[in-house]
Amino acid sequence: MDFLPIFVNIKGRLCLVVGGGEVAQRKASVLLDAGAAIKAVAPEFSAAFAGLPGVECIVERFQPGHLDGAVLVIAATDDSAVNQDVSREARARNIPVNVVDNPDLCTFVMPSILDRSPLLVAFSSGGASPVLARMLRGKLETMIPQGYGRLTAFCARLRGTVKERVTNPPMRRVFWENVLEGAIAEKVLAGDEAGAEAMLLGQLENGNAEPRGEVYLVGAGPGDPDLLTFRALRLMQKADVVVYDNLVSKPIVEMTRRDATRIFVGKKRADHTMPQEEINALLVRLAQEGKRVLRLKGGDPFIFGRGGEEIETLAEHGIAFQVVPGITAASGVSSYAGIPLTHRDYAQSCVFVTGHLKDGTMNLDWDALARPRQTIVFYMGLHGLDTLCAKLVEHGLPDSTPVAIVQQGTTQNQRVFTGTLATLPGIAQIEKPQAPTLIIVGGVVALREKLSWFEPKASGTPAC
Ligand code: SAH
């Protein structure tokens, strides 16, 4: 180990920053975050630096006397002679010194910080590769959610109470492990601190209470795994059981915990592997067995996802749950197809509707849909394509209105078929788009010609 990693309390202590540019300002900001009193010395300061509250700016060249009273010094000038002076003089006085981008002149290095105060994670390559340290920090950013600050503070608040009640240290450790791996921590992260506290106090009261199951209703987005949220990913790696349907793309299912039980509940059009009521009952049963259940759904669970029905049943049975939004198909698919859903010149409103056929018809308010300057996104509409195009024309939209069908949007199988209300049904008959497909109607579709950017590897996008 070339350096000893320590966290230093510099609250209210004087730190010297030599330099008046952007880098010096960044370093000063970090020191300010840690509560330091800062003196900055430079022949001139950038306006942004001079404007930092809590910094005393001294417009002078560096002299050794500026070090008086400082507990720490950072040199960030572009003058190597000055940097060397600062380093030499600070060492002579045994003041820890850091010279930016010059490890040889440093007695300490500044790590890359992941700040979830009071939890702090610091990364350092000892000055060898700050970029690498920053990249590693970026990776951990996704694994340590923002809420960990709150979670750490929650633990601090209840630490004394737990210590009083669970006096045996190994048992106390196990108690905290259970808290941090289970529903209590999850409640804090989801923002329900009062509920978490009540649960923790309940567990203290009842000793080793039965583990309580819970359900995470998680939106997996439209297909590309990069579009998962941090929270979705974290819960995917935590759940004991994964209940998913065919809208969730394979690479996403593969990202769930290796040893989790995976239950496929189907849901293809007209081929419901498991009826909705049975899915609802399954979630209840698994949670009652004490399992952490991940109900993984395509897109967003609350948009044409029957997520509301599933959690209604959970609520009726008093089972803990949380809902994690996902990127809904309309949003993800249109982005990857280069079709902005609104645009000042083409559409000021956008509606999401289901084009699902019931007894061969679509019961929609066609007058409200067939409005000028409005984008309509049809979910589950492919089988009713002929009907919906005809109805929109019948209710006043010009038959030249642009329409797109996007197949398996955001994935490597994405294909986009464009035409008009008059021509697209014919194009679809020839091209036979593969489910899932989304239909977008409106002037904005024409923008795709200019804005298309995503090129899936598997199939070249056909020009229609
Ligand atoms: N809850 C989901 C929608 C479920 S309904 C969401 O928020 O996206 C299923 C319909 O969503 C499909 O019939 C299709 O119209 C649309 N859909 C979902 N993923 C899609 C994708 N990757 N590409 C195109 N359409 C998609």
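This report covers the chain, its ligand shell and a few local backbone and side-chain features.

## Model and conventions

This is a predicted model, in which local features need pLDDT of at least 70 and side-chain atom pairs count only at pLDDT 80 or more, while totals for chains, interfaces and linings use all residues. Residues are numbered from 1 along each chain as its sequence is written, and side-chain values use heavy atoms, with hydrogens and water left out.

## Overall architecture

The protein chain has 17 helices and 17 strands. Its radius of gyration is 29 Å, well over the 23 Å that the globule rule gives for 464 residues, so the chain is more spread out than a compact globule. The radius is taken over C-alpha atoms, and the rule is 2.2 Å times the number of residues to the power 0.38. Helices (H or I, at least four residues) and strands (E, at least two) are DSSP runs, numbered from the N terminus. Along the principal axes, the C-alpha trace spans about 85 × 60 × 35 Å. Buried residues make up 45% of the 464 residues. Here buried means under 20% relative accessible area, exposed means over 50%, and partly exposed lies in between (1.4 Å probe, protein chains only).

Four domains divide the chain: domain 1 (14-110), domain 2 (147-206), domain 3 (214-327) and domain 4 (334-451). Their bounds come from an automatic or database domain assignment. The C-alpha centres of domain 1 and domain 3 are 52 Å apart.

## Ligand site

Where does the ligand lie? Domain 3 and domain 4 both give residues to the shell around the ligand, so it lies between them. The shell holds 18 residues, of which Pro222, Asp300, Ile303, Thr328 and Thr437 come nearest. A residue is near if one of its heavy atoms lies within 4 Å of the molecule. Helix H13 (329-337) and strand S17 (437-441) each supply at least two shell residues. By class, the shell has eleven nonpolar residues, six polar and one charged. Ala, Val, Leu, Ile, Met, Phe, Trp, Tyr, Cys and Pro count as nonpolar, Asp, Glu, Lys and Arg as charged, and the others, Gly among them, as polar.

A backbone N or O atom of proline 222 lies 2.8 Å from a ligand nitrogen. Threonine 328 places a polar side-chain atom 2.6 Å from a ligand oxygen. Threonine 437 uses a polar backbone atom, 2.6 Å from an oxygen atom of the ligand. The protein covers 92% of the 550 Å² of accessible area that the ligand has on its own. Accessible areas come from the Shrake-Rupley method with a 1.4 Å probe; for residues, only the protein chains shown count as cover.

Most residues other than glycine have a negative phi, and most peptide bonds are trans. Two cis bonds deserve a look. The bond from serine 117 to proline 118 is cis, with omega near 5°. Proline 118 sits in the loop between strand S6 (112-116) and strand S7 (119-123). The bond from alanine 435 to proline 436 is also cis, with omega near -5°. Proline 436 is in the loop between helix H16 (424-431) and S17.

Positive phi values come next. Aspartate 101 has a phi of about 60° although it is not a glycine. This aspartate lies in the loop between strand S5 (97-99) and S6, and counts as exposed at 74% relative accessibility. Phenylalanine 304 has a positive phi near 45°. Its loop runs between strand S11 (292-297) and helix H12 (307-316). Phenylalanine 304 is partly exposed, with a relative accessible area of 38%.

## Selected side chains

Is glutamine 408 buried or exposed? Glutamine 408 is buried, at 18% relative accessible area. Its loop lies between strand S15 (402-407) and strand S16 (415-420). A polar side-chain atom of glutamine 408 is 3.0 Å from the backbone oxygen of alanine 435.

Glutamine 276 lies in helix H11 (residues 276-288). This residue is buried, with a relative accessible area of 4%. The side chain of glutamine 276 makes a polar contact with that of glutamate 310, at 2.9 Å.

Methods
A polar contact is a pair of N or O atoms within 3.5 Å; within protein, one must be able to donate a hydrogen and the other to accept it, and residues adjacent in sequence count only if both atoms are side-chain atoms.
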